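This report walks through selected local features of one protein model.

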Amino acid sequence: MSQKLLVPDIGEFEKVEVIELLVKVGDQINLNDPVVTIESDKSSVEIPSTLSGVVESVNIKVGDKVSKGDLLLNISSSKDKNTEKLIPKDTESIIKQAETVLKKNVTDKKSVERKKDTIIQVTNENDIDPLETKDWLESLSAVVEKDGNERAHFLIKELINKAYLEGANIPYTQNTLYINTIPPEAEVKSNGDQNIERRIRSLIRWNAAAMVVRANKKFPELGGHIGTFASAATLYDVGMNHFWRAKNNKFGGDLVYFQGHSAPGMYARAFLEGRLNEKQLDSFRQEVKPGGLSSYPHPWLMPKFWQFPTVSMGLGPMLAIYQARYMKYLINRGLIKDEGRKVWAFLGDGEMDEPESLGAIGLAAREKLDNLIFVVNCNLQRLDGPVRGNGKIIQELEGSFRGAGWNVIKVIWGSYWDSLIANDKTGHLVKIMNETVDGEYQAMKARNGAYVRDKFFGKYPETSELVSSLSDKDIWRLNRGGHDPHKVYAAYDQASKNKGSPTVILAKTIKGYGMGKTGESVNTTHQTKKLDVDDLLYYRDRFDVPLTDKQVKNIEYFKPEEKSPEIKYIKERRMDLGGFLPERTTYSKPIKAPAKNIFDFMKVSTGEKEMSTTMALVRMFTNLLRDKNVSPRLVPIIPDEARTFGMEGFFQKIGIYAHEGQKYEPEDSDQLSSYREDKSGQVLEEGINEAGAMSSWIAAATSYTNHDIEMIPIYIFYSMFGFQRIGDLAWAAGDSQARGFLIGATAGRTTLAGEGLQHQDGHSHLVASTIPNCVTYDPTFHYELAVIFREGLRRMHEKNENVFYYITTMNENYSHPEMPKDKNCEEGILKGMYKISDFSRYKKTKIQLLGSGTILREMISAAKILQDDYQIDSEVWSVTSFNELRKNGMETERYNLLNPDKEPKVSFVEKCLGKTEGPIMAASDYMRMNSDQIRPYTNKSFYSLGTDGFGRSDTRKNLRKFFEVDKEHLVAYGLSVLAKEQLIASKYAKEAIKKYNIDGNKPMPTKL
Ligand SMILES: Cc1ncc(C[n+]2csc(CCOP(=O)(O)OP(=O)(O)O)c2C)c(N)n1
Ligand SMILES: [Mg+2]
């Protein structure tokens, strides 16, 4: 039966041009196969078939304009129109499905059987009727005992709801008591050998401290940190011995983000594991000579060791969240197996001040990232002093994380406290725990047992009595949870098993634990990098390190024999967990770059048709999505600007990733580009969240090492909200050896006409140029974009070069010429410049005109005017990358200076311009500094123009006039340049300035 395929609802557009026919008569097509590509003035989109069968006739041709309802094809169809795709799934059934999954995900928290006498009491002076309170509490205890925690929790929630309905709109705190979340009787016990683990931990502590002290003894300027790892040693050791599984040929590996300042501890462990030797430890922070150990986790400097750069605080938590989310994305798209891998992130409590640290916790809960575990080392101190001297950081973080929907596990008190808390019949102990602020907690650990007895237990007679049989030494030994391997193990165990939400472990520790009077819990702990002999002896004794006094004075490292139980144990534990950590390896296969001709359609002229480079880019993507090698690996990342960039066609074509699928019928469900969320969607639609989008990009751009699958992330943003906004993440991307594309769309200071000061970017190329492995381009024409993009794919994803690309695209519509036939054109585009036009009618006076991005077209127009009106010849060069030209120039110059006796090399700039005639004038839509970069390598008179100053809203024409980069200014400046070089009389320049109404007294745009 013959059926008609019509143009579907394409939204507000009418008479949209057909730019591609993807089928011909006789083709067999299936449901959803794309049949034509149509393009409005903003975006191009494929129309998928809603029928399957054989094409009988094609009723349109390229260039036709079509609207909704127009006939596209006649198809002899085997099946009736398949409506499944068009009619959105029944919402109710989707919700049902989601609910079943949800139910499965709810934590299987078994009710904890507590004996009555261990129920913790808290006294409360504000209680007006303690008897009534007791009644209620006993009822609750009875419920817990009979029906379990879940039921008790349900009843409390109902009570709160009831109170709210009765008008009691008093907020209930998200906080629980200042005690451990896991009661002693519910702790899962480790099967490890605690004695040997303690000995190993002591050696790691010692060697980490020795490494820092030795380095500073040699070169006091080197710095380093002892206090951070000293506080976190147990937190790391328990993970290393029991939880973190390494990557190997059977398992993808857990991903651990180590706190930057704790790096010495990781080196010290690697030393015991036999992965680093003494000589390497002695080169801590001496990275210039090969083999040195980087101060912090730097994958760039230690590419086989560190996986994640974390030392710029706040980036670690953000990156870890998006890493966990990206892991789920890969699983849901069927690109990797779900092996129960986890992402662990170690963070400082001071670090939680960074807005980035907490900024994405909502997303982690929303996306139910139960593969994510944060461990916040709450040593109550940051660099200058207490994190929250007047409050309690653990309680504050508990509130934030619980409020966001995380599973919170507090590890506050060590095992020595268990019996005291159990014996606290009056509730005064927990009361003091709740009342004491962090400043006091810190001060206590800087003093001694007598002080703690007096200031802490001494607050109430009941608590004084509680510790009356303990000596001051016993009191001093009451430990904090984060230093107790049993408590830490139990927390890690529970966190690893939690389902349906991310987990944060808030572990209380002591900064500089064991460092003695100069370094334990004092405000200056963070900066301590030297320990005197007494401190070292104390440290040795405190942790029973088997070194003689002489060895301590020499600050010797200690490593037991290979055959010792300690070394055997540490290696066995890691072998059981699949290998060593941290370790950076890559087994991903390269992606074959698409055929050289895939973008050939971009090498022909667009004729009358005008389009922006952003649109050309979207066309290019659409084509890439047809390449079977490349298509599944593309990860388009967009922070709520798909429509701005004309990419809404991707919603239907490849779907928006949503872990829950789509539980609603979208408002625009009957349109071609309707908003489609899908569990296996490909687009990461990040919302208005550039930092999150960049974190996603980094996760995808390092997928080749963290998941052994090469991916091609393409993050498209408003250029102003790129490097300027997330510069530090971009720097971390460089450190991480990210591979992928960053697209600064709607770029330029004068191109994004109406948006104004905060949107108009005239410097992103300069910021990008500060990152050594970032390759940048500012193309003008679609064929330049095609050549650059394909080479990027080849370099990064086929040849696996550790670079990433930043390309700017514009929203200004213009027609694009055919690619010049010159065989060197492609090389020039990639190296940064090529000659695009030669105006040589008069052969008298000549000038070299360099234009970049959108201003190239102004330059070409200026060249025409110079020839037609002033008989000036010129060569016009399209500069695709001043940054790349500068890199080459610097390298060449350096070589020549270092090899004065050898034949000098010639920079690419000089190759192009060396033998040309006349001075050089360059302009771009960026600050003058952009084109100034090549000045040293031109060896000629060089003048640059650009858009220095704040942007502002106006028409493109007015903006270019204001910034003096319009064709009229370029003509006038060109004539002035020639006059200054004494190649023509100055009157021509003067006349032009007058003719074009240029005000010679106008202040620099930077001052306006
Ligand atoms: C973005 C950023 N700002 C500042 C610093 C400098 N800095 C390094 S460590 C530190 C204090 C860290 O305190 P905390 O997070 O509590 O870690 P701790 O060492 O106490 O475990 C600061 C301010 C940094 N590394 N990164
Ligand atoms: Mg801290």
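## Magnesium site

The model is predicted. The magnesium ion (ligand 2) has three coordinating residues to look at: Asp349 through OD, Asn379 through OD1 and Gln381 through O. The distances run from 2.0 to 2.1 Å. Along the chain, the donors follow the spacing D-x29-N-x1-Q.

Are Asn379 and Gln381 buried or exposed? Asn379 has a relative accessible area of 5%, so it is buried. Gln381 has a relative accessibility of 2% and is buried because the cut-off is under 20%.

## Largest cavity

The structure contains eight cavities of 30 Å³ or more. The largest of them holds about 110 Å³ of space. Its lining is made of Trp413, Trp417, Tyr441, Met444, Lys445, Val452, Phe456, Ile475, Leu478 and Arg480.

Which element gives the largest share of this lining? Helix H13, residues 438–446, does, with three residues. By residue class, the lining of the largest cavity has eight nonpolar residues, two charged and no polar.

## Second largest cavity

Tyr257, Gln307, Phe308, Pro309, Leu319 and Gln323 are among its lining residues. The lining also includes Ser695, Ile698, Ala699, Thr702, Asn706 and Ser736. Two or more residues come from each of helix H7 (315–332) and helix H23 (690–701). H23 gives the most, with three residues.

How do the lining residues of the second largest cavity divide? Six are nonpolar, six are polar and none is charged. The lining of the largest cavity, for its part, has two charged residues and no polar ones.

## Backbone features

A cis peptide bond joins Leu581 and Pro582, with omega at about -10 degrees. Pro582 sits in the loop between helix H20 (565–576) and strand E14 (610–611).

Ser521 is not a glycine, yet its phi is positive, at about 60 degrees. Its place is the loop between strand E13 (503–508) and helix H18 (533–542). Asp640 also has a positive phi, near 60 degrees, and is a residue other than glycine. Asp640 belongs to the loop between strand E15 (634–638) and helix H22 (649–654).

Where do these two residues stand in accessibility? Ser521 is at 3% relative accessibility, so it counts as buried. Asp640 has a relative accessible area of 44%, so it is partly exposed.

## Salt bridges

The count of salt bridges comes to 64. One of them pairs Arg198 with Asp544, with the closest N and O atoms 3.0 Å apart. Arg198 lies in helix H3 (residues 194–218), and Asp544 lies in the loop between H18 and helix H19 (549–553), so the pair ties together parts that are 346 residues apart in sequence. Arg198 is partly exposed, at 35% relative accessible area. Asp544 is at 54% relative accessibility and counts as exposed because the cut-off is over 50%.

Lys571 and Glu562 also meet through their side chains, at 2.7 Å from N to O. Lys571 is partly exposed, with a relative accessible area of 26%. Glu562 is partly exposed as well, with 41%.

Lys846 forms a salt bridge with Asp838. The closest N and O atoms of this pair are 3.8 Å apart. Asp838 is partly exposed, with a relative accessible area of 40%.

Technical notes: Residues are numbered from 1 along each chain as its sequence is written. Chains are lettered from A and ligands numbered from 1 in the order in which they are written. This is a predicted model: local features need pLDDT of at least 70, side-chain atom pairs count only at pLDDT 80 or more; totals for chains, interfaces and linings use all residues. Side-chain values use heavy atoms; hydrogens and water are left out. Donors are N, O and S atoms within 2.8 Å of the metal (3.2 Å for Na, K and Ca); water is not among the atoms, so sites may look incomplete. Buried means under 20% relative accessible area, exposed over 50%, partly exposed in between (1.4 Å probe, protein chains only). On a 1 Å grid over the protein atoms alone, a cavity is a set of points where a 1.4 Å probe fits but cannot get out, and a pocket is an open set with protein on both sides within 12 Å along at least five of seven lines; lining residues have an atom within 4 Å of a point. Grid points are joined across faces, edges and corners, and a volume is the space filled by probe spheres set on the points. Helices (H or I, at least four residues) and strands (E, at least two) are DSSP runs, numbered from the N terminus. Ala, Val, Leu, Ile, Met, Phe, Trp, Tyr, Cys and Pro count as nonpolar, Asp, Glu, Lys and Arg as charged, and the others, Gly among them, as polar. A salt bridge is a side-chain nitrogen of Lys or Arg within 4 Å of a carboxyl oxygen of Asp or Glu.
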